[in-house]
Number of protein chains: 2
Amino acid sequence: MENYNTPALKRELSRYVSGYVDGEGCFCVSFSKRGKLKVGWETKPSLSVSQNSDRREVLDIIQKLFGCGFIRRDYSDKTLKYEIRSLEDLIEKIIPHFEKFPMISGKQKDFILFSDICKRMKNGSHLTTEGFRKIIQLAYQMNGSGKRKFTESKIISTL
Amino acid sequence: MENYNTPALKRELSRYVSGYVDGEGCFCVSFSKRGKLKVGWETKPSLSVSQNSDRREVLDIIQKLFGCGFIRRDYSDKTLKYEIRSLEDLIEKIIPHFEKFPMISGKQKDFILFSDICKRMKNGSHLTTEGFRKIIQLAYQMNGSGKRKFTESKIISTL
C-alpha cells in the first residue's frame, strides 16, 4: 500500500481508512454559547482521529486521502489529532467518503446523524430557532453525549 | 458491506479489518514464570482487539473473517476483547492476513517482530535457552514494552 495512484488501490486504501476511523475516529457536534448569534449558540461539527505521535504516518496518509483538515498536537493527552472542522470539507469530502465506504460498527449510526446535521447546516437551519432545536435533538442522540458540557434541556431552555 | 461472500467483497472487508486493527488492535508477546519449563518462562503471543460493548458487532465480523479466537468481557475496563492466543491460529490465519493486507502505521513493525517470534515458537525455539534469549530481545523491541511486569534484563538474568 505504498502508492495509491490507481483507482483500485485508492479504493482499497479507502476501505482501510474507514476501518481505521471506525476504531479511532470521532464524529462530533458540539455547541458553544455565542451571544451574537440569533439562537445564542454556535453549532460545531467535526471529525477527529487521534493517534500517538510515534505513529503519525497513518494520520498523514488519511489527510492526503481526504485532501482536507489539519493535524495538531493535543497537549491534554500528548496525542496527535487530525481534525476536519470546515463544513464545506465535511460535506464535500468526508460525508461522501463514508457514504461510499461505510463503517460496520454502531459508529455508522453516529455518522448518519452527523451527516444529517451537516446538511441541515448547509441550508442555514442552525441559525433559526426551529432548525436549531431539531439539530440539538439529533446531536444528543449521538454516542458520547454523556460527556457534554451542557445538557440538551439546558440548551433548549435558552431558546 | 452486509455480505462478504465474493472474493472481491472479502478482500474489501480484509482491508477494512486491517485498518481497524491498526487503530484498535494490539500485537503482544508476554512472559509468565513457569518453573516446570526448562527455560523457566512461558512465551505467550496474542492479538487482541478491544471495543466498547455497545459496538460488539464489529468484533463479531472480525472473528468471522479470521475464523478463530474468542470474544470475552474485560471486567477491568468494561470493554469487550477479541483475542487470538492459539499459536496455530496465529500462524495459519492471523499472520497470513497481515502479510497480505499490511497495516500502514508503525504497528506493522510490531507485527513483523510478532510474526518472527511466532515462527520461532513453531520451531520450538522458546523452549531452549538460546532461542528464548533471542525471543526476549525481539519482544522487547515491540511497542508497549514499557508496561511490562518484568524488565528484559530481569528475565535474561534468570537464564
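**The sheet, the chains and their contact**

Student: In what order do the strands of the open sheet in chain A lie?
Tutor: The model under discussion is predicted. In chain A, four strands form an open sheet with antiparallel pairing. Strand S1 (25-33) and strand S3 (70-74) of chain A stand at the edges, each with a single partner strand, so one side of each lacks a neighbour in the sheet. The order is S1-S2-S4-S3.

Student: What is the average twist from one strand to the next in this sheet of chain A?
Tutor: The sheet in question is the open one of four strands in chain A. From one strand to the next, its twist averages 35°.

Student: How many bridges join S1(A) to strand S2 of chain A?
Tutor: S1(A) and strand S2 (residues 41-52) of chain A run antiparallel. One bridge partner in S2(A) can be named: for A:Cys28 it is A:Ser46. The number of bridges that join S1(A) to S2(A) is nine.

Student: Which helix of chain A lies across S1 and S2 of chain A?
Tutor: Two helices may be considered here. Helix H3 (residues 87-100) of chain A lies across S2 and strand S4 (79-84) of chain A, at about 60° to S2(A). The helix that lies across S1 and S2 of chain A runs at about 45° to S1(A), and is helix H4 (residues 107-122).

Student: What pattern does chain A follow along the sequence?
Tutor: The secondary structure of chain A comes to six helices and four strands. Read along the sequence, these elements give the pattern α-β-β-α-β-β-α-α-α-α.

Student: What is the radius of gyration of chain A?
Tutor: The C-alpha trace of chain A spans about 50 × 30 × 30 Å along its principal axes. For 159 residues the globule rule gives 15 Å, and the value for chain A is close to this, so the chain is as compact as a globular protein of that length. The radius of gyration is 17 Å.

Student: What percentage of the residues in chain A is buried?
Tutor: A residue is buried if 20 or more other C-beta atoms lie within 10 Å of its own. Of the 159 residues in chain A, the buried share is 33%.

Student: Which residue is the bridge partner of B:Val49 in S4(B)?
Tutor: S2(B) and strand S4 (residues 79-84) of chain B run antiparallel, and six bridges join them. In S4(B), the bridge partner of B:Val49 is B:Tyr82.

Student: Which residue of S2(B) is the bridge partner of B:Phe27?
Tutor: B:Phe27 has its place in strand S1 of chain B. Strand S1 (residues 25-33) of chain B is joined to S2(B) by nine bridges, and the two run antiparallel. The bridge partner of B:Phe27 in S2(B) is B:Leu47.

Student: Is B:Phe27 buried or exposed?
Tutor: Leaving aside its neighbours within four places in sequence, B:Phe27 is in contact with B:Leu47, B:Asp110, B:Phe111 and B:Phe114. Inside 10 Å, B:Phe27 has 27 C-beta neighbours, and therefore it counts as buried.

Student: Which helix gives the most to the side of chain A that touches chain B?
Tutor: The contact takes 21 residues from chain A and 21 residues from chain B. On the side of chain A that touches chain B, helix H1 (7-24) and helix H2 (57-66) of chain A each supply at least two residues. With ten residues, the helix that gives the most is H1(A).

Student: By what turn can chain A be laid on chain B?
Tutor: The superposition has an RMSD of 0.0 Å and a shift of 0.0 Å along the axis. The two copies are thus related as by a two-fold rotation axis. Moreover, 100% of the interface residues of chain A are also interface residues in chain B, so the copies meet through the same surface. The turn is 180°.

Notes
Residues numbered from 1 in each chain as written. Chains lettered and ligands numbered in written order. Predicted model: local features only at pLDDT ≥ 70, side-chain atom pairs only at ≥ 80, totals over all residues. Contact = placed C-beta atoms within 7 Å. Pairing = 2+ DSSP bridges. Axes fitted to C-alpha atoms, helices over the stretch in contact; angles between N-to-C directions. Least-squares fit on C-alpha atoms with pLDDT ≥ 70 in both. Rg over C-alpha atoms; globule rule 2.2 N^0.38 Å. Buried ≥ 20, exposed ≤ 12 C-beta atoms within 10 Å, placed from the backbone.
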